Amino acid sequence: MPASSTPRPATTRFARQRFAPLTLPRRAVATMWLLPRAVLTVALLIGSVTAAHELQAQSRSATDSTGSAPRLATPGAIARDARAFAKRVGLWGAVGVGRGSAGLRCAACQSDQTAAFAGTLSIGGRPHPRFHVGIETWAWLDVIGNGVDRMARGTQLIARHYPLANRAMHVTGGAGTSRFSVDDGNTRFDATSPALTLGLGWDVPYRGVLLSPAISVVASTGGALASRRTGNNVADNASLGLWRSTLSITWF
Amino acid sequence: MTICVIRAPVRAVAMRSARRDGVMTMRFVRHVGRIGLIGLSLSCAADQASPVAPTGPQLEAATAAVSFGIWTPGPGECPKAVHDRYSTLGPDGKRYPAWHPPVDPLSGCSFGHEHGRDPRGSALYARVGDPAFGYANEQLDAADIGMRRHEDHVGHKVEWENDVLMRTNGGAGALLEVRCDVLTKLHQGTHSKDAFTNNLHELNYHVRCTDRTEMHITVLTAIGRPGEFERTCGGTVQVGPATPVNSPNGDGRRKIPDWSCLESRLLVGAGSKSDFGALHESWETHTTIRMADGNKSIASFDPYFQVFRPSRYFERGASDNVGRPAALCSAHQHEARRARGNECDAVAQAISVLTSGGAAFTLLPYDDARSPFNGVRRQIDINNNTVRNVDGPTTWYTDPFGKNARTSPFPGSIRQYVSSTNNDYGVGVNGPTVGGSRSYGGPGVRAPN
């Protein structure tokens, strides 16, 4: 039996505030943030490409010690390197870091998206110069505070295609599983479900590797959200939505 | 009976349910809702029976339950026949009284009492229909276990709220956003001596949540121990024998103010105002549905039903031990410490109106419609909706107290619904307070209410 009959005060813990349901004004604010977020993402991508170009240019300048004029990293030179990479076949691996936003939706879920750090790890083969296959594992971790962590992670078979001949742009698709969990050290809720990934990226050669800024979306559905503490299901059709922008380093 | 009621909640409910299922469904239901409203408007003239006053041949021919027809009008109130039109068929095929507005919309006469919120607006109304007032009491008779318990008419109080956001405890629990539709009906008489000793009160409790928790329960819930109650300010008051004398003990408690609780809060010196918040009853229920086999709990729930400014308090030595707050405002007039404040101002004004006609009133009758002490303000704390019925049947038959749950009916049993789920997630899921912002007063509404 509850001990008191007096109306209880509203919960004020930090986590509650983070997950407070979106009121109309908050929705409006959230919508207003979409544009800056998009601009930030594009800026990150452009910045990554530009930085890669700059690094490449500096690298070539430093190694050109013959007294001749420094060889600048012209777009043409980068394109030549990209074409060289594009002709390789064999194994490849990649590590990426970035930011992402994730949220879980279900009939009984607080569905706000929150932003946090994301990472990817991929390995695979390249049977054709314009076609990669591999396996990718990824994670997204939002440390909320008060011991509460929200984590999304997944493992997927991926295929990457370079649709433009000798160009660095690539699209990636994948299928696998994802898991979204919230853990406070005492109770953990999680939902595991089939997931699909779709991404778009760009390869920039740099010192024998590729720097690849990319954006991707992970979507899953049909997960059973359950309390791992008690084993009881909360909802049967939980779906995860995650988008992330990452900068990866790829080795061949 | 011809009442044209176009019910806006139809669309609201449809919209709310659509929100759960998706945008496409919402669009579809919007169209259906519009068409439905138009259709309802057009067909209103032809289909004007109030949903809670279905005076069809089936109802007219039905056997009257004990609770049917027991209300008698006071002077100037609606005729009994008008009141008795508001009825419904119970699961046993008998005719039971049902919710009605305080004022009959057709004749404009007042019934002098109210039953709370119109259940037709509840999202659960389509699922459970009108609460049949007194059905659990009737089933106690049918059970034939040497116990009878029938309650008065005016104490049946309906409350509901749709799409209630429940609160979760614990950091991880913040992931959950469980919303529930809640519809309750408790017999909560706060005008008489009944609850001083009687702990058995009819409770209809319906809840349906987004985490698939669902219960539709009708019981005689035992609130605390019979023959006694708890004072609002602490301590137990032994009053006398229960009716029936073999009433079972229950969890929870009936917290009722007595004079010792009120004296220091209401009698104040000049320049101060009485704290009429002390005039507050809290019936804290704990109901469990238990299986016959092994006494295992299938479901439980702990709503607290609170009433503000009821028309009674416990005063030992008074007639039936019932004290009347309205009389307090007139008492102690010649003492420095006496009841003061807005409520007493209203009482004084009512008395001045009465005496202006030449009558010699010094006390406002407790059942005067002008008295602010009529129990029309109430609220419910939704607590601990617990279901432990994973993979179990959804239909159970229990005795009137919610015990001996079986899958087949037996004499005096009540059919209950419990979802085949287990909502123990390791974090508490509790509801907020509902109804606190509403007042169910209306023209003519008065104690006993």
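Helices (H or I, at least four residues) and strands (E, at least two) are DSSP runs, numbered from the N terminus. The structure described here is a predicted model, in which local features need pLDDT of at least 70, side-chain atom pairs count only at pLDDT 80 or more, and totals for chains, interfaces and linings use all residues. Residues are numbered from 1 along each chain as its sequence is written, while chains are lettered from A and ligands numbered from 1 in the order in which they are written.

Confidence comes before the details. The predictor gives the complex an ipTM of 0.76 and a pTM of 0.80. Its confidence in each residue is the pLDDT, from 0 to 100. Chain B averages 87 on this scale, and 87% of its residues score at least 70. Residues 1–51 of chain B stay under 50. For that stretch the model has 47 contacts beyond four places in sequence. Two residues are in contact if their C-beta atoms, placed from the backbone, lie within 7 Å.

Chain B holds 10 helices and 24 strands. A residue is buried if 20 or more other C-beta atoms lie within 10 Å of its own, exposed if 12 or fewer, and partly exposed in between, with C-beta atoms placed from the backbone. By this count, 48% of the 449 residues of chain B are buried. Among contacts in chain B between residues at least 6 apart in sequence, 72% join residues at least 24 apart.

Leu200(B) counts as buried because it has 26 C-beta neighbours inside 10 Å. Beyond its neighbours within four places in sequence, Leu200(B) is in contact with Arg149(B), Leu220(B), Ala222(B) and Ser247(B).

Seven strands of chain B form an open sheet with mixed pairing, in the order β9-β8-β10-β12-β15-β19-β24. Two strands pair if DSSP finds at least two bridges between them. The edge strands are β9 (236–238) and β24 (433–434) of chain B, and each pairs on one side only. β8(B) and β9(B) pair in the antiparallel sense over three bridges. Glu230(B) stands opposite Thr236(B) in β9(B).

Helix α8 (residues 259–266) of chain B has the buried residues Cys261(B), Leu262(B) and Leu266(B). These lie on the same side of α8(B), because they cover an arc of only 95 degrees around the axis. The arc is that of the directions from the helix axis to the C-beta atoms. The buried residues of α8(B) pack against β8 (228–231), β11 (267–268), β16 (313–314), α9 (325–328) and β18 (338–339) of chain B.

A nonpolar core is a set of buried Ala, Val, Leu, Ile, Met, Phe, Trp, Tyr and Cys residues joined through C-beta atoms within 7 Å. The largest has 81 residues, and those with the most contacts inside it are Cys109(A), Leu225(A), Val234(A), Leu240(A) and Met215(B). β10(A) gives the most to this core, with six residues. Apart from it lies another core, of 23 residues, among them Phe196(B), Ile256(B), Ala326(B) and Val347(B).

The contact between the chains takes 29 residues from chain A and 33 residues from chain B. On chain A, α1 (14–18), β5 (169–183), β6 (188–202) and β10 (233–251) each supply at least two residues of the side that touches chain B.

Terms used: pLDDT = per-residue confidence, 0-100.
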